[in-house]
Amino acid sequence: MRVYALLLGILFTTGYGYAAQVAVSSLKANPATAVEPAATSPADGALDGVWYGGVLAPVTVESPNRRHQSRRDSG
């Protein structure tokens, strides 16, 4: 029975692979054309515009060291 399960698995894997290959190759017959987005910014300077990249200022996150605070508070 193990041999039949193995052969059945090989058969299904091959079948699914072939079906996927046919599906992907059928998309190449009618390729979609890429459309560039229009770069627009709101006239009132609102912050909901699209950001297309650039350099942001670095962000530094600091947190208190609770281990040292608990020693000072308890002693």
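In which helix do Phe12 and Tyr16 both lie, and how many residues apart? Both are in helix α1, four residues apart, about one turn of the helix. Helices (H or I, at least four residues) and strands (E, at least two) are DSSP runs, numbered from the N terminus.

The model is predicted: local features need pLDDT of at least 70, side-chain atom pairs count only at pLDDT 80 or more, and totals for chains, interfaces and linings use all residues. Residues are numbered from 1 along each chain as its sequence is written, and side-chain values use heavy atoms, with hydrogens and water left out.

The protein has two helices and zero strands. Of its 75 residues, 0% count as buried, where buried means under 20% relative accessible area, exposed over 50% and partly exposed in between (1.4 Å probe, protein chains only).

A pair of aromatic rings is described by the distance of the centres and the angle of the planes. The structure holds one aromatic pair. The rings of Phe12 and Tyr16 have centres 6.2 Å apart and planes at 25°, so the pair is stacked. Rings of Phe, Tyr and Trp (its six-membered ring) pair if their centres lie within 6.5 Å; planes under 30 degrees apart count as stacked, over 60 as edge-to-face and the rest as tilted. Phe12 counts as partly exposed because its relative accessibility is 45%, whereas Tyr16, with a relative accessible area of 62%, is exposed.

Leu6 also belongs to helix α1, which covers residues 2–27. Leu6 is exposed because its relative accessible area is 55%.
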